[in-house]
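Here is a short tour of one protein chain, written to be read beside its sequence and 3D view.

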Amino acid sequence: MTQSQTNDGAGAGAVTTVESVPPQPQSQPQPQPQQQSNEMVLHTGSLSFSSHMSREDEEMTRSALSAFRAKEDEIEKRRMEVRERIQAQLGRVEQETKRLSTIREELESMADPMRKEVSVVRKKIDSVNKELKPLGSTVQKKEREYKEALDTFNEKNREKVQLITKLMEMEQLVGESEKLRMIKLEELSKSIETV
């Protein structure tokens with residue numbers, strides 16, 4: 001069967017005339033019963049274009065909504081899977097963080113006494129270095145003073161040796177001078193006696 005439709009200028013549904021058509025050959029596939037019910041036109045009445053389209057729209061809407069819901073369900077399912085994987089990963093990361101923190105605390109507790117001792121020794125070394133610095137300057141100053149004093153001592157000692165040598169020479173001369181004077185005095189004494 002075929003249906004012919006005419007629309008007037010106002011766009012209202014016009015009367016549909018029904019003509020009988022010879023049956024289709026057997027080689028073409030027969031339409032489904034649902035499609036037949038949607039596409040068949042009753043002999044006794046008329047079917048408006050808007051109601052025919054509203055059924056198609058409804059079917060299309062249902063189909064689109066079903067596809068949309070299926071996609072949304074798939075997205076939600078994937079989202080939940082990813083979220084579960086992230087939660088599991090976060091749990092592992094948290095466990096590893098706790099484990100590393102424990103290891104670090106153990107390492108710090110193991111190295112702590114040695115570090116304290118080393119720190120104390122370093123502080124003592126720094127303190128001794130601070131004390132040694134002025135002492136080193138004092139030692140250098142004293143060494144210079146000692147060298148100067150030693151040079152002065154050696155010079156005075158040489159001068160003393162020279163003076164002692166000179167004194168000894170003078171004593172010898174004095175001794176000879178005394179002998180000469182004694183001889184002179186004896187001569188004078190003899191000369192006086194003879195007068």
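This is a predicted model: local features need pLDDT of at least 70, side-chain atom pairs count only at pLDDT 80 or more; totals for chains, interfaces and linings use all residues.

## Confidence and layout

Residues are numbered from 1 along each chain as its sequence is written, and side-chain values use heavy atoms, with hydrogens and water left out.

The chain averages a pLDDT of 75, and 71% of its residues score at least 70. Please read residues 1-49 with care: pLDDT stays under 50 there, and the model has 30 contacts (heavy atoms within 4.5 Å) beyond four places in sequence for this stretch. Along the sequence the pattern is β-β-α-α, that is, two strands and two helices.

## Surface

How many of the 195 residues are buried? Buried residues make up 2% of them, where buried means under 20% relative accessible area, exposed over 50% and partly exposed in between (1.4 Å probe, protein chains only). The chain exposes about 18,300 Å², of which carbon and sulfur atoms supply 58%; accessible areas come from the Shrake-Rupley method with a 1.4 Å probe, and for residues only the protein chains shown count as cover.

Leu107 sits in helix 2 and counts as exposed at 52% relative accessibility. Together with Leu100, Ile103 and Met110, Leu107 forms a nonpolar surface patch of about 410 Å² accessible area. Such patches are made of residues with over 30% relative accessible area and no salt bridge, with nonpolar side chains (Val, Leu, Ile, Met, Phe, Trp, Tyr) joined within 5 Å and like charges within 9 Å.

## Salt bridges

Side chains of opposite charge can pair when their charged atoms come close. A salt bridge is a side-chain nitrogen of Lys or Arg within 4 Å of a carboxyl oxygen of Asp or Glu, and the count comes to eight. Among them are these:

| Pair | N to O distance |
|---|---|
| Arg62 and Glu58 | 2.2 Å |
| Arg78 and Glu81 | 3.9 Å |
| Lys98 and Glu94 | 3.9 Å |

Lys98 is exposed at 54% relative accessibility, whereas Glu94 is partly exposed at 46%.

Definitions and conventions
pLDDT is the predictor's confidence in each residue, from 0 to 100. Helices (H or I, at least four residues) and strands (E, at least two) are DSSP runs, numbered from the N terminus.
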